[in-house]
Amino acid sequence: MNVAKHLISDHVEGDLPPPGEPIALRIDQTLTQDATGTLVMLTLEALGLERTQAELSAQYIDHNLIQEDHRNPDDHLFLLSAARRYGLHCAPPGHGVSHPLHQRYFGRPGATLLGSDSHTPAAGALGMLAIGAGGLDVAMAIAGEPYQTVMPEIWGVRLTGELPPGCSAKDAILEMLRRHGVDGGNGRIVEYHGPGLESLSAMDRHVMANMGTELGAVTSVFPSDGEVRRFLESEGRGADWVEIVAAQDATYDHEEELDLSAIEPMIATPSSPGNVVPVRDVAGEEIYQAYIGSSANPGFRDFAVAARIVEGRRVPPQVSLDINPSSRDLVADLSRSGHLFALLEAGARLHQAGCNGCIGMGQAPASGRNSLRTVPRNFPGRSGTSEDAVFLCSPETAAASALAGRITDPRDLDWDGIGAVEVPEPTRTPDAFERPLPLEKAREVELVKGPNIASLPDFDALPDAMELPILLVAEDDISTDGIMPAGAEVLPFRSNIPRIADFVFRDVDPEYVARAKAARSEGDGHAVIGGRNYGQGSSREHAALAPRHLGLRAVAAQSIARIHRTNLINYGIVPLTFEEGAAGPGGRRDAVLALSNLAAAVAGTGALSARIDGEEVAMRLDLSEPEAEILAAGGRVNRFRDRQARRAG
């Protein structure tokens, strides 16, 4: 077996089916963060859960850290109380970003991890099967239910060679994105193997597994080899190591080779992670900001190499060099090693440990100015600036460009003078986590709900027929950021669905919300038409839940991104895809989509009838058996309650 199949086979019953067939994965660990975790905890409350049924569940407060009023700190208290009530580990605000913290403190080779954050696959660096999902799926995993998905194809990428000076793991994953774009990994697990692994540290692998999400991949996996053992031993967790490597004769559904020695500095130009070119192609463009940090470059080396580049020099006054440390532990390590002083002396701005500008929570760039960032995404407006120009690059490129005041190929630097970065023994503060309470004490905990926290709305079951005005027609690759914006203005309402719904499609069509509310007031739902890869990007289920609150009942698109498609089903929204060549009639706003024979189509016993303004349009509704039950019930919470009622009766 290859590593991916080994991990899957250990967590499903029976033999592995062919790709595309349903599987039910047993989940060992769960991860939630504060931008999505509040809905997870409200779901656990709605389910009446006693205590997490997973081996380990962890809640991180790392996204919404700006406390300009009561809303974010109220949610922090709610999450802490929910972690105590349901038996979760909890990292308080300022402790750091979820993904590198989870890898350091809880990651275990051979385990499955389901997280309500699309970059959960970063844990694949340790030989884990780590998958991003919507909050409802994670809530159900916490409640002990398996994760329902389909068997992916396995894409083997054989690594050879060693990265040259001036290049790092970020350039390697950007090269993969240059080759394959933002949907090249759809339906696939990327498995890295080969002799090139020997030169990649566990944190290098974290970088590549993290941004494998931008390929559209289900997840990325690395073997649990000697490097993983070294990493765990350095963290005082050597007992958690187990070897998991591919058999010498392992095969893959798709195969590719990536020669690390041939990698050059790469950069994703605005405004997609798939718009990748060599740095030399855009060198010379002036920059306003160079931003180092995030879950995509969270390791000590990523900051230390930037410090070595700028040491003894100073960035120009017109450049903002933003340092966003990934953890409080890392700040301590950078301070002890002298690298923090070098960055500050060079003019860097130090921010608190967390996701920060990656999610549009501060550090927004000036309008009309170029921002180079080591974050994983550069979707339009995600930075917090509506007309932004965000480039994705390595720490080497960001630091070299900050010194020059313009985009610079880091290979132009004197790498003999910069030297290699030595990673010290890491600082560990396990006591910073709130640990699970004993069950008896947990039962006494009251959930702390501020005035901005509202219970989940109730939704009705799926009718057999619907006539839905088409209120919006989206282009290809519309992201969940485009559907449900992030940032400091929007995310504080993540626990208040009626209020956050006012921002749906704000940057795509500012009139959408008003039209949706007008249709809802007349008792009608509505539909949205999409192009290819509809709903790519973040796992945030608000991009399904908030439109559903506004009356969205169906999405018809050329294709729908994996996590968002599941989120649509989980909230009772019909996910339709056009048959090849059948999308033409769907390109008009204010037409009417009429769906009939839905009950039979969902159950798989009859054909769906779909018409746009009376004209028959060929659409597909492909559902697994669990998905059909969820959609028919009007959503996953409804289905769970129905099943509980049947068991009680």
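Are Y192 and F222 buried or exposed? Both residues are buried. The notes below concern a predicted model.

1. Y192 and F222 make a stacked aromatic pair, with 4.8 Å centre to centre and 20 degrees between the planes. Y192 belongs to strand β9 (residues 188-193), while F222 is in the loop between β10 (219-221) and α8 (226-234), so the pair ties together parts that are 30 residues apart in sequence.

2. The whole structure contains seven aromatic pairs. One of them joins Y105 and F106, whose rings are tilted, at 6.5 Å centre to centre and 50 degrees between the planes. Y105 and F106 are both buried. Together with Y60 and F433, Y105 and F106 make up one aromatic cluster.

3. Helix α20 (residues 562-570) packs with helix α22 (residues 625-633) at about 45 degrees, and the axes are 8 Å apart. Because of that angle, α20 is oblique to α22. On the α20 side the contact involves R565, I569 and N570; on the α22 side it involves E627, I630 and L631. By class, the residues of this contact are three nonpolar, one polar and two charged.

Note on methods. Residues numbered from 1 in each chain as written. Predicted model: local features only at pLDDT ≥ 70, side-chain atom pairs only at ≥ 80, totals over all residues. Heavy atoms only, no water. Axes fitted to C-alpha atoms, helices over the stretch in contact; angles between N-to-C directions. Helix = DSSP H or I, 4+ residues; strand = E, 2+ residues; numbered from the N terminus. Parallel < 35°, antiparallel > 145°, perpendicular 65-115°, else oblique. Contact = heavy atoms within 4.5 Å. Nonpolar A, V, L, I, M, F, W, Y, C, P; charged D, E, K, R; others polar. Phe/Tyr/Trp six-rings, centres within 6.5 Å; stacked < 30°, edge-to-face > 60°. Buried < 20%, exposed > 50% of the residue type's maximum accessible area, 1.4 Å probe, protein only.
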